[in-house]
Amino acid sequence: MKKTFEYLVETGDDAGKQFFITKMPTFKADKWAQHLVKTLAAAGSALLPSLEKYPVQGLEQLAIVFFGRMNLEDLEKIFDGLLQCVQVKRKSEKAEGEITPLREGDIEDAMTFVNLRVKAFELHTDFIHATYQFLLPSVAATIGIATGLSEEA
C-alpha cells in the first residue's frame, strides 16, 4: 500500500480544507526524481560562479535560487508531478465526504500550493536521495567538483 498522509489547512483562505497526499508509484517517482536531480544539477552548474562570489544564507534561499534558475517547462513538470499526488476531501452530503483528485479551484491560497508541494516533496526524498547518489559522480565531473568517491565506486 502506498504511503498517504492527511494535511489539514489551518490558516488562510483554505482553512478547514483537508487534503490527502499519496506517494507516487515507484517507477513514476524514480523518473520524477531523475528529472529533478538532473535539472537541479544543470541549474547548479550555471550558478556555481555566482554562488562562490555571492553565497546564499540557508537552504531555503538556495532552493529559491535553484528553482528560479530552472526553465519554466522543467519547473512546471516538477511541481505538477508533486500536485498529482494530492487529493482533496470534498464537502458533501455524505457524513465522511468524498476524496477526489485535485481540480482547478480547490485551492484559493497560494501558501496552500507551497505547503502541499513541500509535503509531497517530503514523501519522495528517498527517490531523490537514491537518484542523487547514482548520478553524483557524473554530475560532479560535469560541473568540476570533487565528490570524495573513488573512480572504482
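A salt bridge is a side-chain nitrogen of Lys or Arg within 4 Å of a carboxyl oxygen of Asp or Glu. In this predicted model, the side chains of Lys17 and Glu108 meet that condition, with 3.2 Å from N to O. The two residues come from distant parts of the chain. Lys17 sits in the loop between β1 (4–8) and β2, while Glu108 sits in the loop between β4 (98–101) and α4. They are 91 residues apart. Glu108 counts as exposed, because its relative accessibility is 53% and the cut-off for exposed is over 50%.

The overall layout gives the setting for this pair. The protein chain has five helices and four strands. From the N terminus, the order of elements is β-β-α-α-α-β-β-α-α. Of the 153 residues, 34% are buried. The accessible surface of the protein chain is about 10400 Å². Carbon and sulfur atoms hold 56% of that surface. Contacts across the sequence were also counted. Among contacts with a separation of 6 or more, 59% join residues 24 or more positions apart.

Four salt bridges were found in a search of the whole structure. Side chains of opposite charge can pair when their charged atoms come close. Asp126 is partly exposed, at 39% relative accessibility. Lys23 has a relative accessible area of 18%, and is therefore buried, as the cut-off is under 20%.

Another bridge links Asp106 and Arg90, at 2.7 Å from N to O. Asp106 belongs to the loop between β4 and α4, and Arg90 belongs to strand β3, so the linked parts are 16 residues apart in sequence. Both Asp106 and Arg90 are buried. Elsewhere, shared partners join Asp14, Lys17 and Glu108 into one network of salt bridges.

The largest nonpolar core has 24 residues. Phe19, Ile21, Trp32 and Leu116 have the most contacts inside this core. At least two core residues come from each of β2 (18–22), α1 (26–53), α3 (72–83), β3 (86–90), α4 (110–123) and α5 (125–143). Helix α1 gives the largest share, with five residues.

Trp32 was then followed in detail. It is buried, with a relative accessible area of 7%. Beyond its neighbours within four places in sequence, Trp32 is in contact with Met24, Lys77, Ile78, Gly81, Leu82, Phe121, His124 and Ile128. The structure holds one aromatic pair. This pair is formed by Trp32 and Phe121, in an edge-to-face arrangement. The ring centres are 6.3 Å apart, and the planes are at 75 degrees. Trp32 lies in helix α1 and Phe121 in helix α4, so the pair ties together parts that are 89 residues apart in sequence. Phe121 is partly exposed, with a relative accessible area of 28%.

Met111, Phe113, Val114 and Val118 make a nonpolar surface patch of about 310 Å². Val118 is found in helix α4. Its relative accessible area is 39%, so Val118 counts as partly exposed.

Note on methods
Residues numbered from 1 in each chain as written. Predicted model: local features only at pLDDT ≥ 70, side-chain atom pairs only at ≥ 80, totals over all residues. Heavy atoms only, no water. Core = buried A, V, L, I, M, F, W, Y, C linked by side-chain atoms within 4.5 Å. Buried < 20%, exposed > 50% of the residue type's maximum accessible area, 1.4 Å probe, protein only. Contact = heavy atoms within 4.5 Å. Patch = residues over 30% accessible without salt bridge, like charges linked within 9 Å, V, L, I, M, F, W, Y side chains within 5 Å. Areas by Shrake-Rupley, 256 points an atom, 1.4 Å probe, with all protein chains shown as cover. Phe/Tyr/Trp six-rings, centres within 6.5 Å; stacked < 30°, edge-to-face > 60°.
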